[in-house]
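Colleague: I would like a close look at one helix and what surrounds it. Please take it slowly, with the cut-offs spelled out.

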Amino acid sequence: MEKQLLMVWVTEKQLKGDTLTQGIICEKARAIYGDLLNQTPRTSTDEASEDSFKASRGWFDNFRKRTGIHSVVRHGEAASSDVKAAEDYLKTFSELIEANGYIPQQVFNCDETGLTFM
C-alpha cells in the first residue's frame, strides 16, 4: 500500500515539474510508513517494528526498478542544476546538430562515460 501512495506522490511531483532526489523520495517514504503505522492498531510486539523501515539506498534502488521511474536525481549537485539553462541549451544543441548535418549515430551522451582506446 505504501508503494502505491508513494508512487502517486512521485507522479504528482513529476507532473508539477518538481525536482525529485533520492533523499526527498526516501524522506517521503519514511513519512508515509510512519503515518500508516500510526493508523494501524498495534500490539506490544509491533513497537519494535516502528523503526524498522529505513528507506536505504538499496530500498531506493529496488523501488526505482519496481516502479520504473527514471527522472529522479541521485545527487545534490544535479538537483541544483539550472533547469531553464538546460532547456535553452537543448534548442541550441538541436540547431547545432541540424546546421552541421550530424546524424543520430554521431550524437551521444558522455556523462560519466569513459572512452578507452586500445
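Which residue follows α3, and is its phi positive or negative?

Modeller: Gly68 follows α3, and its phi is positive, near 80°. This is a predicted model, so local features need pLDDT of at least 70 and side-chain atom pairs count only at pLDDT 80 or more, whereas totals for chains, interfaces and linings use all residues. Residues are numbered from 1 along each chain as its sequence is written, and side-chain values use heavy atoms, with hydrogens and water left out.

The protein chain has 5 helices and 0 strands (DSSP runs numbered from the N terminus: H or I of at least four residues for helices, E of at least two for strands). α3 covers 57–67. Its buried residues (under 20% relative accessible area with a 1.4 Å probe, protein chains only; exposed is over 50%, partly exposed in between) are Trp59, Phe60, Phe63 and Arg64. Seen down the axis of α3, these residues fall within an arc of 135°, so they line one face of the helix; the arc is taken from the directions from the helix axis to the C-beta atoms.

Trp59 and Phe63 sit 4 residues apart in α3, about one turn of the helix. An α-helix has 3.6 residues a turn, so residues three or four places apart point the same way.

The search of the whole structure for aromatic pairs finds 4 (rings of Phe, Tyr and Trp, the last by its six-membered ring, with centres within 6.5 Å; planes under 30 degrees apart are stacked, over 60 edge-to-face, the rest tilted). One of them joins Tyr33 and Phe53, whose ring centres are 5.1 Å apart with planes at 40°, so this pair is tilted. Tyr33 belongs to α2 and Phe53 to the loop between α2 and α3, so the pair ties together parts 20 residues apart in sequence. Phe53 is partly exposed, at a relative accessible area of 23%. Trp59 and Phe63 make a stacked pair, 5.2 Å centre to centre with 15° between the planes. Ring pairs link Tyr33, Phe53, Trp59 and Phe63 into a cluster.

Trp59 and Phe63 also count among the residues with the most contacts inside the largest nonpolar core, which has 16 residues (buried Ala, Val, Leu, Ile, Met, Phe, Trp, Tyr and Cys joined through side-chain atoms within 4.5 Å). α1 (2–16), α2 (22–39) and α3 each supply at least two residues of this core, and α2 gives the most, with 5 residues. Ile25, another of its most-contacted residues, touches Phe60, Phe63 and Ile69, among others (contact means heavy atoms within 4.5 Å; residues up to four places away in sequence are not counted).
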